[in-house]
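Visitor: Please put the model on screen and take me through its side-chain pairs, a helix crossing and some backbone details.

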Amino acid sequence: MTTTPTIVILDGYTINPGDNPWSPVEALGNCVIYDRTPPELKLERARDADIILTSKCKLDAAALEALPSLKYISMLATGYNNVDVVAAGRRGIPVSNVPAYSTESVVQTTFALLLELATAVGIHDAAVKAGEWVRCPDHAFWKTSIVELDGLTLGIVGYGTIGRAVARVAAAFGMRVIAYAPRIPQDAGPTPVRFVPLEELFATADVVTLNCPQTADNEGFVNSGLLAAMKPSAFLINVARGGLVNEADLARALNEGRIAGAGLDVVAHEPMRADNPLLAAPNCIFTPHIAWASLAARRRLMAIVAANVGSYLSGAPINVVNAQQLM
């Protein structure tokens with residue numbers, strides 16, 4: 001571009017709540033930054049944008065047609081399901097994402113949830129602070145069964161960058177690793193892993209962790225059928241996308257004791273709705289979509305977004321997810 005571009009950030013607060021400055025992006029153009037953008041203000045705020053940066057603000061085909069100045073979009077996330085990338089491609093608008101910035105943080109949250117289910121640190125901490133250890137006649141007590149991970153089988157659904165990193169840490173805990181992937185990689189990496197059909201994974205694993213993207217084909221695939229196949233002692237971990245799970249079916253499985261517990265960083269509708277059936281389900285623990293949100297990860301995200309925008313402005317866009325649709 002020969003003129004200074006107008007860069008509009010539609011939902012920037014979670015990336016920079018005050019500790020992760022936008023200066024690398026601001027150096028590339030005239031930046032207009034909104035912490036949050038409600039749907040009714042989306043078009044008004046983006047009307048003059050040459051470049052839009054967004055994460056959760058939806059840009060469907062109709063919205064894209066209403067933004068004639070728009071030339072480029074960079075997601076503020078790895079996922080890009082909130083933008084109609086096909087429609088953007090028809091308009092000649094490249095859409096870039098931010099790959100692999102949060103891998104280690106997501107793995108950390110995966111095991112934080114799993115270890116809480118296995119060891120119940122929070123429950124025991126609350127019991128000690130309520131005076132139960134002071135009153136206890138024994139040197140130790142436990143409020144629930146403690147599960148040792150060594151020797152258990154971890155089933156990973158999706159074996160991309162994050163899935164492989166989860167496998168690496170699982171192996172360090174002494175867990176056996178099985179995985180399901182629509183396309184089995186030729187090189188599965190250094191961690192020993194056995195690829196199995198999806199149904200076998202759910203039936204065999206002591207822990208199932210979801211590390212796959214959400215698509216139109218797999219929405220709600222963790223349903224009553226797959227949950228019924230799980231061991232009664234098994235745990236389900238979801239740090240991917242909430243829409244992968246049929247939440248009513250999972251709540252029913254937990255309420256009926258058909259699985260031992262679930263650890264969720266994501267739900268189908270975010271922010272969570274008050275009527276989500278999982279809120280009242282037993283042995284279901286949550287983090288509020290924070291697996292990606294460590295400061296280290298957000299700093300990497302900022303650097304990659306700046307690189308995305310800078311590469312586009314130099315005429316060689318990177319991390320483009322709709323290259324096949326570009327006209």
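The questions and answers below go through these topics in turn.

Visitor: What kind of model is this, and how are residues numbered?
Guide: This is a predicted model, in which local features need pLDDT of at least 70, side-chain atom pairs count only at pLDDT 80 or more, and totals for chains, interfaces and linings use all residues. Side-chain values use heavy atoms, with hydrogens and water left out, and residues are numbered from 1 along each chain as its sequence is written.

Visitor: How many aromatic pairs does a search of the whole structure find?
Guide: Rings of Phe, Tyr and Trp (its six-membered ring) pair if their centres lie within 6.5 Å; planes under 30 degrees apart count as stacked, over 60 as edge-to-face and the rest as tilted. With that criterion, the number of aromatic pairs found in the whole structure is three.

Visitor: Are the rings of Tyr72 and Tyr312 stacked or edge-to-face?
Guide: The ring centres of Tyr72 and Tyr312 are 4.5 Å apart. Their planes are at 5°, so the pair is stacked.

Visitor: How many residues apart in sequence are the parts that Tyr72 and Tyr312 tie together?
Guide: Helices (H or I, at least four residues) and strands (E, at least two) are DSSP runs, numbered from the N terminus. Tyr72 belongs to strand β4 (residues 72-75) and Tyr312 to helix α12 (residues 295-313). The pair therefore links parts whose separation in sequence is 240 residues.

Visitor: Is Tyr72 buried or exposed?
Guide: Buried means under 20% relative accessible area, exposed over 50%, and partly exposed in between (1.4 Å probe, protein chains only). Tyr312, at 15%, is buried. Tyr72 has a relative accessible area of 0%, so Tyr72 is buried.

Visitor: What is the geometry of the aromatic pair of Tyr159 and Phe195?
Guide: Their centres are 5.3 Å apart. The angle between the planes is 85°, and the pair is edge-to-face.

Visitor: Where do Tyr159 and Phe195 lie?
Guide: Tyr159 is buried at 7% relative accessible area, whereas Phe195 is partly exposed at 21%. Tyr159 lies in the loop between β6 (153-157) and α8 (161-172), and Phe195 in strand β8 (residues 194-195).

Visitor: Which residues does Thr191 touch?
Guide: Thr191 lies in the loop between β7 (176-180) and β8. Its relative accessible area of 12% makes Thr191 buried. Counting contact as heavy atoms within 4.5 Å, and leaving out residues up to four places away in sequence, Thr191 touches Tyr159, Ala167, Arg168 and Ala171.

Visitor: Are α5 and α8 oblique or roughly parallel to each other?
Guide: Axes are lines fitted to C-alpha atoms, for helices over the stretch in contact, and angles run from 0 to 180 degrees between N-to-C directions. The axes of α5 (residues 103-119) and α8 come within 9 Å and cross at roughly 50°. Angles under 35 degrees count as roughly parallel, over 145 as roughly antiparallel, 65 to 115 as roughly perpendicular and the rest as oblique. The two helices, α5 and α8, are therefore oblique.

Visitor: Which peptide bond is cis?
Guide: Pro271 is found in the loop between β11 (261-264) and β12 (284-286). With omega near 0°, the cis bond is the one from Glu270 to Pro271.

Visitor: What is phi of Asn283?
Guide: Asn283 is found in the loop between β11 and β12, and at 51% relative accessibility it counts as exposed. Asn283 is a residue other than glycine, and its phi is positive, near 55°.
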